[in-house]
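Dear colleague,

Please find below the structure that I am handing over to you. My findings follow it.

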Amino acid sequence: MIPQHSVTFDQSMNMIENRADKPEEACGVFGIYAPEQDVAKMTYFGLYALQHRGQESAGIATFEGTHVHLHKDMGLVSQVFNETILEELPGNIAVGHTRYSTTGSSRRVNAQPAVVETRLGNVALAHNGNLVNTVQLREELLKSNFNLVTSTDSEMIAYAIAEEVNAGADWIEGAIRAFHRCQGAFSLVIGTPDGIMGVRDPNGIRPLVIGTLDSDPVRYVLASETCGLDIIGAEYLRDVEPGELVWITENGLASFPWNQQPQRKLCIFEMIYFARPDSLMHNETLYSYRMRLGRRLAEESPIEADIVFGVPDSGIPAAIGFSQTSGIAYGEGLIKNRYVGRTFIQPTQSMRESGIKMKLNPLKDVLFGKRVVIIDDSIVRGTTSRKLVKALRDAGAAEVHMRISSPPVTHPCFYGIDTDTQDQLIAATKSVEEIAKQLQVDTLAYLSWEGMLETTREDTNSFCSACFTGDYPVAIPEQVKRSKLMLEKAVV
Ligand code: SF4
């Protein structure tokens, strides 16, 4: 168990320094209805596979009849749970969550699932995404005298459902009415004493998949990604569709399209970087898509070099694709220390100067005297990329060419991804040439926006790519916009 203590100023500064120079994913959600199974343990493993989606807190709620058992705490899934805790979570339904905080600070009280009482029993809600109309929703709920105990939008959704149910609606009707009050991104798993719901917003911005267990009768599982199904031996059935609610009970699975105008806008960053490469989207692994991004990148921005490699782990599939198309030998130039997590210990000054070597160490004899192409999936602030380039040059690389398998990130995300404020995004204020100069690379090229979308082999209009364009599929209220669009704020 993680001791419950507050984080000191020094520790928070160190957390900030240790934050990856990457957008950070919001959450992973998981749900299961399986009376014959150890649902808490299966949820534990489901969350374990979804750990990359959030590392700050984890929680599981189980339903034993009308009684809810809940355990949640700060830390990794493997730190928050052990055999004894899981044994204290009996039931036939479980809802799980792993969190990275995008709204509400990183505190235990904000860990999920959020459990709220209603006239029909408790709801336990796990949310991936971000609402953009929280100010309005919060005001409405406060008027109804709800005592909001956390600072998360997820708790507000649970209270909105409670309000509708307490006014006389049944679970489905109450939930649908509540979803109509929500704007933004929400993929939800909601446990009730009678069954679990899987829900996506009308744009399906965050993923949510349905799996089946090999059982008689068929039992259903919900997870943010298919890797959460694989780990417990569940078969991928299909996605929860944008604007759909699935209701899983003793009678099986029922579908309720709750929005009449769904328009699919899946977050393209899920495909480029967030979701695990072994997860399936559009009937192929993301590894295959990311490899094709590398091929397209090699076609768009060729270069003469001796070796190409990816920034581990997320840049590797694109680097293999780049090598295949360019004919440049693929190798490994950087070795990742796979056992590092977030550290709360301040490195020494000299260690801090060496920076990147904490996580990635260059292979000197592979790099010495070589013209190298280094592939990464994105550049956000550019701080890590700069340290990486320095490390490659220190290791003896003769030329360093950087290729990025997505376009420049110029706008922040309001739908559940932490991309910092706009003034922290290097491409929001600098041209590609200026970025190349700052990173001290010989050449730098990004994949085109068209290249990124066409490579999906899907309808190019079915994705959100707002962090590359500023074209947000769900309107962002001015008040919310100003909190992150610092550049625009300056000129308003
Ligand atoms: S703004 Fe970017 S990160 Fe956010 S949902 Fe859209 S594509 Fe994904």
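Which residues in helix 6 meet which residues in helix 7? Ile157, Ala160, Ile161, Glu164 and Val165 in helix 6 meet Trp171, Gly174, Ala175, Arg177 and Ala178 in helix 7, where contact requires C-beta atoms, placed from the backbone, within 7 Å. These residues divide into seven nonpolar, one polar and two charged; Ala, Val, Leu, Ile, Met, Phe, Trp, Tyr, Cys and Pro count as nonpolar, Asp, Glu, Lys and Arg as charged, and the others, Gly among them, as polar.

This is a predicted model, in which local features need pLDDT of at least 70, side-chain atom pairs count only at pLDDT 80 or more, and totals for chains, interfaces and linings use all residues. Residues are numbered from 1 along each chain as its sequence is written. Helices (H or I, at least four residues) and strands (E, at least two) are DSSP runs, numbered from the N terminus.

Turning to the ligand, its shell has eleven nonpolar, one polar and no charged residues. Helix 9 (268-274) and helix 18 (466-469) each supply at least two residues of that shell.

Helix 11 (residues 316-326) has eight of its eleven residues buried, so it is largely enclosed by the rest of the structure. A residue is buried if 20 or more other C-beta atoms, placed from the backbone, lie within 10 Å of its own. The buried residues, including Phe322, pack against helix 10 (286-300), strand 17 (307-310), strand 18 (329-330), strand 21 (371-376) and strand 22 (399-404). Just after helix 11, glycine 327 takes a positive phi of about 80°.

Yours sincerely

Technical notes:
Contact = placed C-beta atoms within 7 Å. Buried ≥ 20, exposed ≤ 12 C-beta atoms within 10 Å, placed from the backbone.
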